[in-house]
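Please look over the sequence and the structure shown below before reading on.

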Protein chains: 2
Amino acid sequence: MNIGEVSERSGLPPKTIRYYEDINLVRPLRSDNGYRSFRESDIHKLAFLGRARALGFSIEDCRTLLSLYEDETRESAQVKAVAKEHLTEIDNKIAQLKSMRETLSHLIEACQGDHRPDCPILKGLSRGI
Amino acid sequence: MNIGEVSERSGLPPKTIRYYEDINLVRPLRSDNGYRSFRESDIHKLAFLGRARALGFSIEDCRTLLSLYEDETRESAQVKAVAKEHLTEIDNKIAQLKSMRETLSHLIEACQGDHRPDCPILKGLSRGI
DNA sequence: CTTGAGCTTCCAGTGGCTGGAAGCCTTATC
DNA sequence: GATAAGGCTTCCAGCCACTGGAAGCTCAAG
């Protein structure tokens, strides 16, 4: 199967699929004409990667998860550890964004948003919030 | 004032300050020895930038905010518009992270995390969540 | 005079793609 | 058989906002 169809079936752009080959996440075969030739197992891997990326896992996490997926002797504790660590990162990001949101929304509420130059947002940024 | 002291007083790393000069966010003077020579107003600007960045504004937003800050004829509505748009982006990011968190935490809860290979997290990633 | 800290510039790398150019391959149409 | 369109290939550059490191200059202390 050529890259175009694989792109449609996996939901990943062709550029991304080529990139994943570059960094050895997938290793499609090659046809005589030089085109990449994907097996069903490649598509399955790519879809796996797409879902893991959609959950925010880093590429290196994805590599780990994929190798665990293919390792019949894995222990689910290994997978769970990776996932838990990622969950913590997500929680940290959410907390950081919420804190930004808090400060920013206060400033926005305090600002009249009219034709006059006086602005609490700029004051907050210039004086320390 | 040299970059080291400015770094301490503004809370920004020297590398970042040099970068901000590169992209014309600040324009410190130069001493005869070639060293950057910062005025109080430069430090003020850098601290402003640090706070805006801490609120998650992009560099281009920061450039806009800084120019509004220095423009006496600004209308606070302009500032508020920039801030509101950024707030929306923050809200979108929070929503996306929460959705990831939701899915991921369900998978984690379902996983025993023991020595056996059976793992709902990997199943979820491979079959579609 | 030497040592060490602080400053300079420049280049490369981070993550995860994405855009674009130049050129080969395939398929359909004339 | 020529040609045009579309899909494929590689390679290089760029995105964002820095950050690390090398090579070399300047300055203050001992």
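A residue is called buried when its relative accessible area is under 20%, and exposed when that value is over 50%. The model discussed here is a predicted one, and in it A:Arg36 has a relative accessible area of 18%, so this residue counts as buried.

**The surroundings of A:Arg36**

- A:Arg36 is part of strand 2 of chain A, which covers residues 36-37.
- The side chain of A:Arg36 is joined to the side chain of A:Glu21 by a polar contact of 2.4 Å.
- Leaving aside residues up to four places away in sequence, A:Arg36 touches several others, including A:Met1, A:Asn2, A:Ile3, A:Arg18 and A:Pro28.

**The surface near DNA strand C**

- Around DNA strand C there are 19 residues, of which A:Lys15, A:Tyr20, B:Gly4, B:Tyr35 and B:Arg36 come nearest.
- Sorted by class, this surface near DNA strand C is made up of seven nonpolar, six polar and six charged residues.
- Among the atoms of DNA strand C that lie within 4 Å of the protein, 67% belong to sugar or phosphate, while the rest belong to bases.
- On chain B, a polar side-chain atom of B:Arg30 is found 3.2 Å from a phosphate oxygen of DNA strand C.
- Two or more residues of the surface near DNA strand C come from each of helix 2 (14-22) of chain A, helix 1 (3-10) of chain B and helix 2 (14-22) of chain B, and the largest share, four residues, is given by helix 2 of chain A.

**The interface of chain A and chain B**

- Contact between the chains involves 52 residues of chain A and 52 residues of chain B.
- About 4,400 Å² is buried between chain A and chain B, with 74% of this area on carbon and sulfur atoms.
- Of the area that chain A buries against chain B, 15% is supplied by A:Leu55, A:Leu122 and A:Leu125, which is more than any other three residues supply.
- Two salt bridges are found across this interface, and one of the salt bridges in the model joins B:Arg101 to A:Asp91, with the closest N and O atoms 2.6 Å apart.
- Helix 5 of chain A, with 21 residues, gives the most to the side of chain A that touches chain B.

Note on methods: Residues numbered from 1 in each chain as written. Chains lettered and ligands numbered in written order. Predicted model: local features only at pLDDT ≥ 70, side-chain atom pairs only at ≥ 80, totals over all residues. Heavy atoms only, no water. Buried < 20%, exposed > 50% of the residue type's maximum accessible area, 1.4 Å probe, protein only. Polar contact = N/O pair within 3.5 Å; in protein donor to acceptor, adjacent residues only side chain to side chain. Contact = heavy atoms within 4.5 Å. Near = heavy atom within 4 Å. Nonpolar A, V, L, I, M, F, W, Y, C, P; charged D, E, K, R; others polar. Buried area = accessible area lost by both parts, 1.4 Å probe. Salt bridge = Lys/Arg side-chain N within 4 Å of Asp/Glu carboxyl O.
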